[in-house]
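Open the structure in your viewer and keep the selection tool ready. We will go from stop to stop.

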Amino acid sequence: MRLEALVQASIQQALAELGWSFSGLIPVDRPRRPEHGDLSTRLPFMLAPSLGKAPQEVAHALAQRLRHNLAFAAVRPEAGFLNFVLQPQALHAVLKEILQDGLAYGRSSVGEGRLLQVEFVSSNPTGPLTIGHLRQAALGDVLASLYEDQGWKVVREYYLNDEGRQIDLLAQSLWARYRQALGHDEPVPPGGYQGAYLVPLGEELAKAWGDRYPVWTEQARQVFRTEAVARMMDMIHEDLQAIGVRFDVWTREGDLHRRGLVSEALQALRDKGAVYEKDGAQWLHSTAEGLSRDVVLVRSDGTPTYTMVDIAYHLDKWRRGFTLVIDVQGADHVDEQRQVLLALKILGLPHGFLRYCLHQFVTLKGEEGVQRMSTRAGRFLRLTDLVDAVGRDVARYFMVMRKPESHLVFDFELAKDTSMENPVYYVQYAHTRIASVFREGAKSGEWPVDTPQVDLSPLTHPEELALVKELDRFPDMVRLAAQELAPHLVCEYLEGLAGLFHPYYARVRVLGQGPATPARLCLLAGIKLVLARGLGLLGVSAPEEM
RNA sequence: GCGCCCGUAGCUCAGUGGAUAGAGCGCUGGACUGCGGAUCCAGAGGACGCAGGUUCAAAUCCUGCCGGGCGUACCA
């Protein structure tokens, strides 16, 4: 039994014996200070008012009842808390269970196979992916993994905005590069895409097509739009491959229009009385529901806005059978998010169907100081350049190591220069070291061990017991990271675990220690397992050798 | 102006209302005749932006300020 459950069950029994009751989850904390025990509960504070007793008194009474429980070496009431010191045997039992679970350790079936969609990146096909998209890609991919681990059936989806003015601008920018390649003095249109990545494409088209499109006509627009989007998608696919992200479904804006979903969603909103006309445009009456402004759904020229299409898209997600949708988006989309959430509420979709993982931007600190990035101005760092410089593991890890709503300063020079003083390597090195011990142990015949038969009683060092306690925390951590959309908790956990392992390893020898050796090898096996599981959730490799 | 996010060590950042606030980097000084030194040990370094409030208990919740970011388009 896991430690938290063990404590909760024991307390429940004590409550029953005392004729007390507590509805709800009994809180179990892991105290920072060792003198406060291995585990503690603040339950007495919660129970005291209804019992008409002081917390200290409640804690005392509970401690009396729990004192003789064989799992605990001590149960101490202190300052209204109830602190538990575990018997080493209780921890040994936990380690055995972990090893028995193997790679399934920490997995859960709470998702019950329900459908979850994670929509992320969804970058417009107007250029290659940048370091900004990398944060999205890493966050979305890790969130998807976390939910898969919790028993959800996850669809990773990319929404492809292949319509609209930005695409026209891109097409015309590409056309200008094409004309330039033919020796004409055709400037990139105002507000167009200045990036150098269009130059070689323009040259290719010039070679292939010659002087076929001398002026910007409707026909040229069609041809260059199709060509530009296809080329940009090739780039994006290449970038995604570089960081190991794969999408299950690509949805194109054009498809939503073709299937009539946009007008259908608009009609549904109209039926709810949430739409009004002003200046020839159709507006969503958002202020009526407490938002700060109304938004246009259909422009006066009859075309739907981005927001309108987004609402239709999300209504379709609901119809597709998803129980939960997580959208990973940047902070510049907050206003948009509120409007969509509001529209879904008006349409009667359940609260909580759509959750946003909102993240702040990545600022890049390079040789020229902090730079604001812009795809349109051609000022950005390509994702592939970053991956080439620091590797996929570091790139992914760095993008999720901070909580999404925090700004993330990516120091490019530091990432390259100090790659040896890097948390990713610190964690991976712990895994490698254990693998190395196993290799050595295999030579001496000490490894592998018959896990179920090993006597773990030699595991008595405080560091060893602390390590098992940390391993025990892994499933809760994964659950919390998924629930709170907080992948950084995984990084924090792994660094903590590696931070317990390295000092232990430096102090305690594993091989050639008689009966202690198989016990310690079991502990190392548990650590290695959990490190691999955690790194796996992040999409970071767990190397046997470095 | 209004809305949302952030403000914690020199830097980058953790910290599910709990007990004496943490990590990495950087800095100072140590540790290799045994399993990988990409490691370990020790030290210096803090008004948790400011002021009120709620609570047995606040870095955490509420209110108001101050600072930074992002929005506030018939762009996407």
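A residue counts as buried when its relative accessible area is under 20%. Keep that cut-off in mind throughout the tour. Note also that this is a predicted model.

**The whole chain**

Select chain A. Its C-alpha trace spans about 90 × 60 × 40 Å along its principal axes. The secondary structure comes to 19 helices and 14 strands. Of the 546 residues in chain A, 51% are buried.

**A covered helix**

Now select residues 392-400. This is helix α14, and it is mostly covered. How many of its nine residues are buried? Eight of them are. Click through the buried ones: Asp393, Val394, Ala395, Arg396, Tyr397, Phe398, Met399 and Val400.

**Two crossing helices**

Next, show residues 423-444, helix α16, together with residues 516-538, helix α19. Two packed helices are described by the angle between their axes and the distance between the axes. Here the axes come within 10 Å and cross at roughly 140 degrees. Is that roughly antiparallel or oblique? Roughly antiparallel needs an angle over 145 degrees, so α16 is oblique to α19. The crossing is left-handed.

**Salt bridges**

Side chains of opposite charge can pair when their charged atoms come close. A search of the whole structure finds 36 salt bridges. Visit a few of them.

- Select aspartate 29 and arginine 42. Their side chains meet in a salt bridge at 2.8 Å, N to O. Aspartate 29 sits in the loop between α1 and β1, and arginine 42 in the loop between β1 and α2. The two are 13 residues apart, and the pair links distant parts of the chain. Aspartate 29 is partly exposed at 24% relative accessibility, and arginine 42 is partly exposed at 37%.
- Select glutamate 218 and arginine 221. This salt bridge is 3.0 Å, N to O. Both residues lie in helix α8 (residues 218-242), three residues apart, about one turn of the helix. Glutamate 218 is partly exposed, at 44%.
- Select lysine 317 and aspartate 327. The salt bridge here is 3.2 Å, N to O. Lysine 317 is in helix α11 and aspartate 327 in strand β10, so the pair ties together parts that are ten residues apart in sequence. Are these two buried or exposed? Both are buried.

Select Arg2, Arg30, Asp472, Asp476 and Arg479, which are linked by salt bridges.

**A nonpolar patch**

Switch to a surface view and select Phe45, Met46 and Phe81. They make a nonpolar surface patch of about 260 Å². Methionine 46 belongs to helix α2 (residues 43-51). Its relative accessible area is 41%, so methionine 46 is partly exposed.

Most residues other than glycine have a negative phi, and most peptide bonds are trans. The last stops show some exceptions.

Select serine 122, in the loop between β4 and α5. Serine 122 is not a glycine, yet its phi is positive, about 40 degrees. With a relative accessibility of 17%, serine 122 counts as buried.

Move to leucine 485, in the loop between α17 and α18. Leucine 485 also has a positive phi, about 55 degrees, without being a glycine. It is buried, at 7%.

Last, select tryptophan 447 and proline 448. What kind of peptide bond joins them? It is cis, with omega about 5 degrees. Proline 448 lies in the loop between α16 and α17.

Notes:
Residues are numbered from 1 along each chain as its sequence is written. Chains are lettered from A and ligands numbered from 1 in the order in which they are written. This is a predicted model: local features need pLDDT of at least 70, side-chain atom pairs count only at pLDDT 80 or more; totals for chains, interfaces and linings use all residues. Side-chain values use heavy atoms; hydrogens and water are left out. Patches are made of residues with over 30% relative accessible area and no salt bridge: like charges are joined within 9 Å, nonpolar side chains (Val, Leu, Ile, Met, Phe, Trp, Tyr) within 5 Å. Accessible areas come from the Shrake-Rupley method with a 1.4 Å probe; for residues, only the protein chains shown count as cover. A salt bridge is a side-chain nitrogen of Lys or Arg within 4 Å of a carboxyl oxygen of Asp or Glu. Helices (H or I, at least four residues) and strands (E, at least two) are DSSP runs, numbered from the N terminus. Buried means under 20% relative accessible area, exposed over 50%, partly exposed in between (1.4 Å probe, protein chains only). Axes are lines fitted to C-alpha atoms, for helices over the stretch in contact, and angles run from 0 to 180 degrees between N-to-C directions. Angles under 35 degrees count as roughly parallel, over 145 as roughly antiparallel, 65 to 115 as roughly perpendicular and the rest as oblique. A crossing is left-handed if the near helix is turned anticlockwise from the far one by less than a right angle, and right-handed if clockwise.
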